[in-house]
Amino acid sequence: MKVYFDNASTTQVHPKVLEAMLPYLQDNFGNASSIHSHGRKARVAIEEARELIADFIGAIPSEIYFTSGGTEAINFIINGIAKTNFSETGKNQLLTTRIEHKAVLDTHFDLSENGFSSKFIEVNDNGTYKPSSLIEKISYDTSLVSIMHTNNELGTINKIEGISEHLSDDQYLFCDAVQAFGKIDIDVNKLKVHALSGSGHKIYGPKGIGFAFVKSGTPISPLLFGGSQERNRRGGTENIAAIVGLAEAVNIIEKKMGENYKEVSALKQYFIDGITQIFEDKIEINGGNNTSPYILSFTFKSEHFKNDGEALLMGLDINGIAASQGSACTSGTIKPSHVILGIGKDNDDANGTLRFSFNPKNTNEEIDYVLSVLEKIGKQNLRGWVKIYELNI
Ligand code: PLP
C-alpha cells in the first residue's frame, strides 16, 4: 500500500488547477507588460487572480504581491520592511521566535550580520510564543515582529490577534501563514498584521508561486530589481500560468474550507486515538490543545525507544508511507529539527519525532495501515528503532 501523509511538505496539483493553467502556457502566452492583445489577456488574468486572493484574506488587490513562493515572500517582507523602516526611523531591532521556518530565521541571521539586531521571543513547550516574553522584548528600537500563524512541524497555532496592540505606529507585524492559508480562516484585518505570506503548493496549486500581503502604507523596498512589475516591488516577467494556478487553487479550496477542516479533524483524531491505544504514554502528542487538524506531530519518548531518525523514516518509506520527521535533511544527513529542539526536547526525542500531515482525501484505512506498520515496528523495537529497516512487514 502507498500512502501520502506529507501534505504539509507539498500537495499534488489539482486537475482543475492544471486545466486552468494550461492555456497560459500555450495559446495565451503573452507577456502581461505588453500593450497588445496577448499582453492584455495576460494582464487581465493576473489582476483577476490578485483580486480573488485579496478578497479571500480581506485585503485590497494592491496589497497583494506575487512571488516565487512562501520563501521569497518572507525574504521580501522582512528585508523590505526592516531596511526601509530603518532608513525612515532608525529602528533596527527584529523580533521573532526560534521555531519559525528557516526562511524567516536565515533572513534574520543575514540582517543581524548587517547591522540589525535580531532577538528571540521565548516559546512554550507546545510551540506557541510567550506573550509575556513578547511584551518584555518590544522596545523603542523594535522595527518588525515576525511570528508564524501555524507551525509547520508541530501544527501549533499562535494567537496573532492582539499583538499589534503592543506596537506603535512605526513598528510592524508580519505573520508567516503558509501552513494556514487555504486551511484556516485568515483575515488580515482581524489578525491586524502589516504583512503576511502564503504559498500555492500547500493547497494543490503549483510549486514556485506564492504571495506577500503588505498593508498599504507599510514601508517596504523591493527584493528583486529590474522591472516595474508588481508596482515596482518585484521586478521580473510574471509567472502567469502559476499565478492563475494559485488563484484556481484558492477558488477551489475557498468553497470547501469548512468541509475539509471537518474531514481532516476526524482523520487526525482517528490517528491520535489509534496511536495512543497502541503506545499509551510511551509517546507524546506534540503541540498542545490548539493545533491545526492538518498536522500531527508525535514523539517516541527516548526513555522507551532508542530513536534513530534516519532508520525510522527509511522504515516508513520501504513500507510505502510518506511522512516526515521534524528534521531538515541536509546533504543526506538528518539533523535534529530546530523546532523540536526549540521547544525544549533533546536530540534523542527530536530523532523520534514524526510528522503526519493530512489532506481531506486521506482515509481511515490508510491510517489503519500506518498504525499497523508503526505497531509492528514499535513492538519489535521498543528499545531501538535502529533495526526497523530490516523488518519485512
Ligand atoms: N513557511 C512555512 C511555515 C512553510 O511551511 C514553508 C514551506 O514548507 C514555507 C514558509 C516556504 O514556502 P515555499 O515552499 O513556498 O517557499
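Rings of Phe, Tyr and Trp (its six-membered ring) pair if their centres lie within 6.5 Å, with planes under 30 degrees apart counted as stacked, over 60 as edge-to-face and the rest as tilted. By this criterion, the whole structure holds 15 aromatic pairs. This is a predicted model, in which local features need pLDDT of at least 70 and side-chain atom pairs count only at pLDDT 80 or more, while totals for chains, interfaces and linings use all residues. Residues are numbered from 1 along each chain as its sequence is written, and side-chain values use heavy atoms, leaving out hydrogens and water.

**View A. The pair of phenylalanine 56 and phenylalanine 181.** The two ring centres are 5.5 Å apart and the planes stand at 75 degrees, so the arrangement is edge-to-face. Phenylalanine 56 belongs to helix H2 (residues 37–57) and phenylalanine 181 to the loop between E6 and helix H6 (188–191), 125 residues apart; helices (H or I, at least four residues) and strands (E, at least two) are DSSP runs, numbered from the N terminus. Phenylalanine 56 is buried at 15% relative accessible area, and phenylalanine 181 is buried at 1% (buried means under 20%, exposed over 50%, partly exposed in between; 1.4 Å probe, protein chains only).

**View B. The pair of phenylalanine 279 and phenylalanine 300.** With centres 5.4 Å apart and planes at 90 degrees, these rings are edge-to-face. The pair joins helix H8 to strand E10 (residues 295–300), and both residues are buried.

**View C. Surroundings of alanine 249.** Alanine 249, in helix H8 (residues 240–279), is buried at 2% relative accessible area. Beyond residues up to four places away in sequence, alanine 249 touches Val17, Ile203, Tyr204 and Gly205 (heavy atoms within 4.5 Å).
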